[in-house]
Amino acid sequence: MIKFENVTYRYRDRDDPVLSALTLTIEEGESICMMGANGSGKSTFARIVAGLLTPARGRVVINGSAEHPQPVGMLFQNPDNQMVAVTVEKEVAFGLENLGIPLVEMKRLVNETLQRFRIDHLRQRLTAELSGGEKQRVALASVMVLNPPILVLDEPDSFLDENGKATLREEMARIKVANPRLVEIRITQYPVVARMYPRLVVLDRGVVVADDQPSRIFADHDFCIRKGLAYRLSTGEQPGFAGLEMRSKPPGKGVEVDSVSFRNVAFNHRNGNAVLENISFTLKAGNILGLVGPSGSGKSTLGLLACGLLRPSSGAVVYEDCSGRSVPPEDIPGRVSGLFQLPERQFFLPTCAEEIAFGPRNLGCPHDPKTVAAFFALAGLDAEKFSGRDPFTLSGGEKRRLAFAAVLSMQPRLVVFDEPTCGLDQEGVGRFIRLGRALANMRVGLIIISHDGGIIHTLADRVLYLDGDGSSIQMSCREFFADARCAAVVSPVSPEDTTEQK
Ligand SMILES: Nc1ncnc2c1ncn2[C@@H]1O[C@H](COP(=O)(O)OP(=O)(O)OP(=O)(O)O)[C@@H](O)[C@H]1O
Ligand SMILES: [Mg+2]
């Protein structure tokens, strides 16, 4: 059993508490789901349950004891954050070694766990070289080998494709049958996931604002919109798009990129493994290309090639201005830009305001503070609150929002968005859709890499499908969704996504 009584938590450099007198009880054997807007305190709650943070005020009782916390298994959003060992076998053994389990017993447990999670064949593989889905399964196995009575899953499926999500669902169902007393806390931003649980707890600024069956909470659509659990596109309100006036003239030499073309592009890894073969397409400013495919099919690699951050092994990536003259790669920075899967990898400055100001200043056309504030607003971040914050201490969704602002502040012509809605609350998803449309209207070209069927359906004009064997098919959005085999790589489109026309 987990009992939070009036728990208040404040991070060291923050004035306002992140959790305020939070009270919540979760019984043995219960599975609950937790949702809430970006920054509402979900991950902080999870870290307190796992014993990684200690609250300043209030009482946390876990399985009857406030002093001797029970082992809690925790799965983070990004499995890379929890991989510690070199090989899969060592990764699974790591927690047991720390507990000083005798060698013979440890070997037995590791073998049994590798088999139970169907990762025996990966035993000697390097953890760094696993695919996202494999990593997720290894992470779950290395947590479950300790047989924790409590399991906390903090958005574990953000980077999984449909196959990976189904596997996680099956694993969890098996785990629950085998451990009926297990307490499961699942944090998610997806209403479809929440609906699979008997109980949904909603956090808002560190306070529980709803605790009920999911269907009853979702029935109050206005409440869900206010709390970041749902979005509405048709209100007509624009989220601070004032800062988004895309420059009509580029900085510097004045060459404007109007299209990017892949001409028979192939890309091999250094070990010779082919990732992409014979890819050809053209994206013009003002159009939106949806890039989809199973995990490991090379979508992010293609995104990096489009931004000029990787060079093709053969073929060419060509940029042209609106009169068809080619634009040399040295004129690309700032005009072609990308927002990649892990936003924190793009941050390197001490404050959020500096992150947003850096790109334009580096390109020789700095923004005044008012424009910087407009880009905060565009991403749905309160400029006053976030300007001086260290980007690395932001919540998952806040980091992604900051990355949007930092990339768009350069006012690029072509942008690659790699899994842009991952980690965003539903308000953020709605905001991204409106932003995508506004950018296309301002003649910005977008490549959107996503597993989210709703995003592809609402935004893309055309879809490039990578099948995982290096080859690709290009089709209209309608053709893509009409082909069941292709459409299976993205999440099902909900009726809300189809009511809005492009
Ligand atoms: N190390 C830290 N130092 C200061 N503030 C922090 C730190 N970690 C988180 N915060 C702040 O605490 C608040 C709650 O963060 P938390 O990560 O718990 O949110 P969350 O609900 O998990 O959000 P998300 O949906 O974006 O993952 C946010 O405003 C965040 O900026
Ligand atoms: Mg979080």
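Visitor: Which residues are the closest of the 21 that surround ligand 1?

Guide: In this predicted model, the closest of the 21 residues surrounding ligand 1 are Lys 42, Thr 44, Ser 395, Gly 397 and Glu 398.

Visitor: Why is the pairing of Arg 186 with Asp 157 called a salt bridge?

Guide: The term asks for a side-chain nitrogen of Lys or Arg within 4 Å of a carboxyl oxygen of Asp or Glu; for Arg 186 and Asp 157 the closest N and O atoms are 2.7 Å apart, and the pair therefore meets that limit. Arg 186 belongs to strand E7, while Asp 157 sits in the loop between strand E6 and helix H5, so the bridge ties together parts that are 29 residues apart in sequence. Both Arg 186 and Asp 157 are buried.

Visitor: What does the salt bridge between Glu 320 and Arg 263 tie together?

Guide: The side chains of Glu 320 and Arg 263 meet at 3.5 Å, N to O, and because Glu 320 lies in strand E13 and Arg 263 in strand E10, the pair links parts that are 57 residues apart in sequence.

Visitor: How do you know whether Glu 320 and Arg 263 are buried, exposed or partly exposed?

Guide: Buried is under 20% relative accessible area and exposed is over 50%; Glu 320, at 21%, therefore counts as partly exposed, and so does Arg 263, at 40%.

Visitor: Where do Arg 108 and Glu 105 lie?

Guide: Both lie in helix H3, three residues apart, which is about one turn of the helix. Arg 108 has a relative accessible area of 43% and is partly exposed, as is Glu 105 at 33%. The structure holds 28 salt bridges, and a network of them links Arg 118, Arg 137, Glu 171 and Arg 174.

Visitor: What makes Glu 155 a buried residue?

Guide: Its relative accessibility is 8%, and since buried means under 20%, the conclusion follows. Glu 155, found in the loop between E6 and H5, has a phi near 45 degrees, a positive value in a residue other than glycine.

Visitor: Why is the lining of the largest cavity counted as having one polar residue?

Guide: The lining consists of Val 260, Leu 283, Ala 306, Val 336, Leu 414, Val 415, Val 416, Gly 445 and Ile 447; because Gly counts as polar, whereas Ala, Val, Leu and Ile count as nonpolar, the lining has eight nonpolar, one polar and no charged residues. About 50 Å³ of space lies in this cavity, and strand E15 supplies the largest share of its lining, three residues.

Methods:
Residues are numbered from 1 along each chain as its sequence is written. Chains are lettered from A and ligands numbered from 1 in the order in which they are written. This is a predicted model: local features need pLDDT of at least 70, side-chain atom pairs count only at pLDDT 80 or more; totals for chains, interfaces and linings use all residues. Side-chain values use heavy atoms; hydrogens and water are left out. On a 1 Å grid over the protein atoms alone, a cavity is a set of points where a 1.4 Å probe fits but cannot get out, and a pocket is an open set with protein on both sides within 12 Å along at least five of seven lines; lining residues have an atom within 4 Å of a point. Grid points are joined across faces, edges and corners, and a volume is the space filled by probe spheres set on the points. Helices (H or I, at least four residues) and strands (E, at least two) are DSSP runs, numbered from the N terminus. Buried means under 20% relative accessible area, exposed over 50%, partly exposed in between (1.4 Å probe, protein chains only). A residue is near a molecule or strand if one of its heavy atoms lies within 4 Å of it.
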